[in-house]
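Hi everyone, thanks for coming.

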Amino acid sequence: MKNECLWKSLYKYRFLLKELISRDLKIKYRRSFLGYLWSLMNPLLMMWVLTLVFSYIFRFDIPNYPLYLIIGQTIFGFFSESTTVAMMSIIDNAPLLKKVYVPQFIFPLSRVLSSFVTMIFSLIAILIVMLITDVPFKLTLLALPLPLLFTLLFSVGVGMLISAVTVYLRDVMHLYSIVLTAWSFLTPIFYPISIVPANIRWVLQYNPLYYFIDYFRQIVLYNTLPNVQTTVFCFELSIAAIVIGAIVFNKLQKNFLLYT
Amino acid sequence: MIGELYMTGNIIEIENLTMRFNLAQEQFSGLKDLIIMASKGKLKFNEFYALKNVMLKIKKGEAWGIIGRNGSGKSTLLKLISGIYTPTSGAIKVKGTIAPLIELGAGFDPELTARENIFLNGAVLGYSHRFMQDHFDKIVNFSELEQFIDVPIKNFSSGMVARLGFSIATMVKADILIIDEILAVGDANFQEKCYKRMCNMMENGTTVLFVSHNVKDVEKICKKVLWLEHGQIKMVGNSNEVCQSYQNEMKE
C-alpha cells in the first residue's frame, strides 16, 4: 500500500484532494460577510496602502508603480501564505492520519493548492489595476500561466519540505515567519532592483522568487516575452524545489505518526 | 503477490509481523540539553515491542474478533493492516479495500459539520462527491442524526460521532471492515442495529475485524478469535474456545 507510485495514489485520492481544498476555502471565509470578495479586496487595499506609503515617504522611480507593486505582492503573498499553511498541514491533520491510511503528501499539497485558488481570484485585482492604469492588453498575456506555474511548483516543493521538518522540529514554526520577513525584503517587491547596491546584488541571484516575479512583470508590465533560456531556468528552479521537497518528505514521513 | 492471495482464498496474510516503537527515555527540554545528551551518548531510546512475530491468515468473508488486555497490541495490529503504520519487520498482504473504524471519529474534521464530514470521510475512503451524494440519505437515515446534520462535529457526543462513523463505513461497500471499540459508546438500540448490519455485510462476503472488550459481543459476531498478550499471540482459534479461556484467565 505504501509503495504505490506517486501518480497512482494521486489519482486514487483525487476526490480527497478536491474535498480538502474545498474544506480549506470554506473554513477560510466562514463567518466573514464579504467571503470570497476578500481575496480580491485584500491585495487591492494592501496595494493602496503601500502605494501611498511609497509615493509620499520613500520615492522610487518606477513607471506604473501600483502595478509593479501588486504583482510582486501577489506572487510573494501566495508563496508566503501557501507555505505557512502547508507547514502546519501534517500536524493539523494528525487526527486523520492516525485513524485512516491516507498518502501524507496530500496534506501540504492540498493547502498549497487552496492558496493557489485564492491567488487566482486575486488576479482579478491585477486586472483591475491594469484597466485603471491603462496598460494595454497584448497577446503576451497568454504566457501568464507560466510564472504562476513556476511559483506553484516551487511553493509545493518548499511546502512539502517545511511541513515534514516541522513535525520533528517545532522550532521551525516560530522561525519561519522571520525567515519570510527577511525573504520579502530580499525580493524586489516594492523597490526596483537598481537601488540594491552592486556588492550585495548577488543575493538576489539566489532568490528563485525574484525570477518568477520578474517573469510576471515582463509579461504584464512591459509586454515582453522572456526568452527561452529564462523560461527553462525558471522551470529548473521550480522542479528542483519539488524534487528536494519530495525526497525529504519521503524520508521523513515514516515516523510522522510517532511525533504528531 | 495478489495472485497468490486469490489462490488461497486469503484476504489478509500476515507473516512474522513485528512492530517496534522507540520511546524517548528522557525528555529533553531544549537544544542545549539535546546536544549535551547526544554528545555524552546518553540519548537512548527504550525499545518497545507492540507486536512480536505475529502470524495470521484471514479468509475472505470471515469475521475475526481480536481480544486482549489494554496495551496488548490490538489497535497496533489493526493500524498495520490498514496501512497507517509501516511494520518494523515482517509482511502484510491485504487484498481489497478497507473501511477502518479505528477509535472514535474515523477521520473526521471537528470543525466541519456532519454533512461536510460525510463527504470528507467518503473521499478519504476513495469515493467521489457524487457517489456520496447518492448514498447520503441512507447514511443519515441509518445514523438517525437528521436533526444534527448541519452541526459541527465538535459539538457531537461520542455516541453520535460513532453513529456517523459506522454509518459511513458500512454504507460504502468495502471488502474489509475494521471496527475497533467504537460500538461501546453507542446505546443498546444502536448497537443492535449495528450488529444486524454487520451480519448482513458478512453474508455478502465482507470480512470483519472486530475489537471489543465485551467478550459476549465478540462471541456473538465472530467465528474466529485472536487473543493477543504483550504483543504476541496467546491463542488463536474458534471463538467459543478462545473466549472461554480468555474469560477464565480474566477471573483469576
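I'll start with how chain A and chain B meet, and then turn to chain A by itself. Please keep in mind that this is a predicted model.

So, how many residues does each chain bring to the contact? Chain B puts in 28 residues, and chain A puts in 22 residues. Between them, the two chains bury about 2,200 Å², and 65% of that is on carbon and sulfur atoms. On the chain B side, the residues that lose the most area to chain A are Ile84(B), Leu120(B) and Val124(B), which together make up 24% of what that side buries.

Side chains of opposite charge can pair when their charged atoms come close. Searching the whole structure gives eleven salt bridges over all chains, and two salt bridges are counted between chain B and chain A. Here is one to find on the screen: Arg23(A) with Asp109(B), where the closest N and O atoms are 2.5 Å apart. Arg23(A) sits in helix α2 of chain A, residues 14-28, while Asp109(B) is in the loop between β5 and α4 of chain B. There are also two residue pairs in polar contact between chain B and chain A, counting pairs with both residues at pLDDT 80 or more.

Which elements of chain B give two or more residues to the side that touches chain A? They are α3 (74-82), β5 (98-102) and α4 (114-124). Of these, α4(B) gives the most, with five residues. Sorted by class, that side of chain B has 15 nonpolar, eight polar and five charged residues.

Let's move to chain A. An unreviewed UniProt entry annotates "transmembrane region" over several stretches of chain A, including residues 70-91 and 144-168. In the model, residues 70-91 of chain A are 95% helix and 0% strand, with end C-alpha atoms 32 Å apart. For residues 144-168 of chain A, the span is 96% helix and 0% strand, and the end C-alpha atoms lie 38 Å apart.

Last, the aromatic rings: the count is 25 aromatic pairs over all chains. Take Phe154(A) and Trp183(A): their ring centres are 6.4 Å apart and their planes are at 85°, so this pair is edge-to-face. Phe154(A) belongs to helix α8 of chain A and Trp183(A) to helix α9 of chain A, so the pair ties together parts that are 29 residues apart in sequence.

That's the tour, and I'm happy to take questions.

How values were computed: Residues are numbered from 1 along each chain as its sequence is written. Chains are lettered from A and ligands numbered from 1 in the order in which they are written. This is a predicted model: local features need pLDDT of at least 70, side-chain atom pairs count only at pLDDT 80 or more; totals for chains, interfaces and linings use all residues. Side-chain values use heavy atoms; hydrogens and water are left out. Contact means heavy atoms within 4.5 Å. Buried area is the accessible area (1.4 Å probe) that two parts lose on being put together, summed over both. A salt bridge is a side-chain nitrogen of Lys or Arg within 4 Å of a carboxyl oxygen of Asp or Glu. A polar contact is a pair of N or O atoms within 3.5 Å; within protein, one must be able to donate a hydrogen and the other to accept it, and residues adjacent in sequence count only if both atoms are side-chain atoms. Helices (H or I, at least four residues) and strands (E, at least two) are DSSP runs, numbered from the N terminus. Ala, Val, Leu, Ile, Met, Phe, Trp, Tyr, Cys and Pro count as nonpolar, Asp, Glu, Lys and Arg as charged, and the others, Gly among them, as polar. UniProt positions are given in the numbering used here, feature names are shortened, and annotations may be inferred rather than shown by experiment. Rings of Phe, Tyr and Trp (its six-membered ring) pair if their centres lie within 6.5 Å; planes under 30 degrees apart count as stacked, over 60 as edge-to-face and the rest as tilted.
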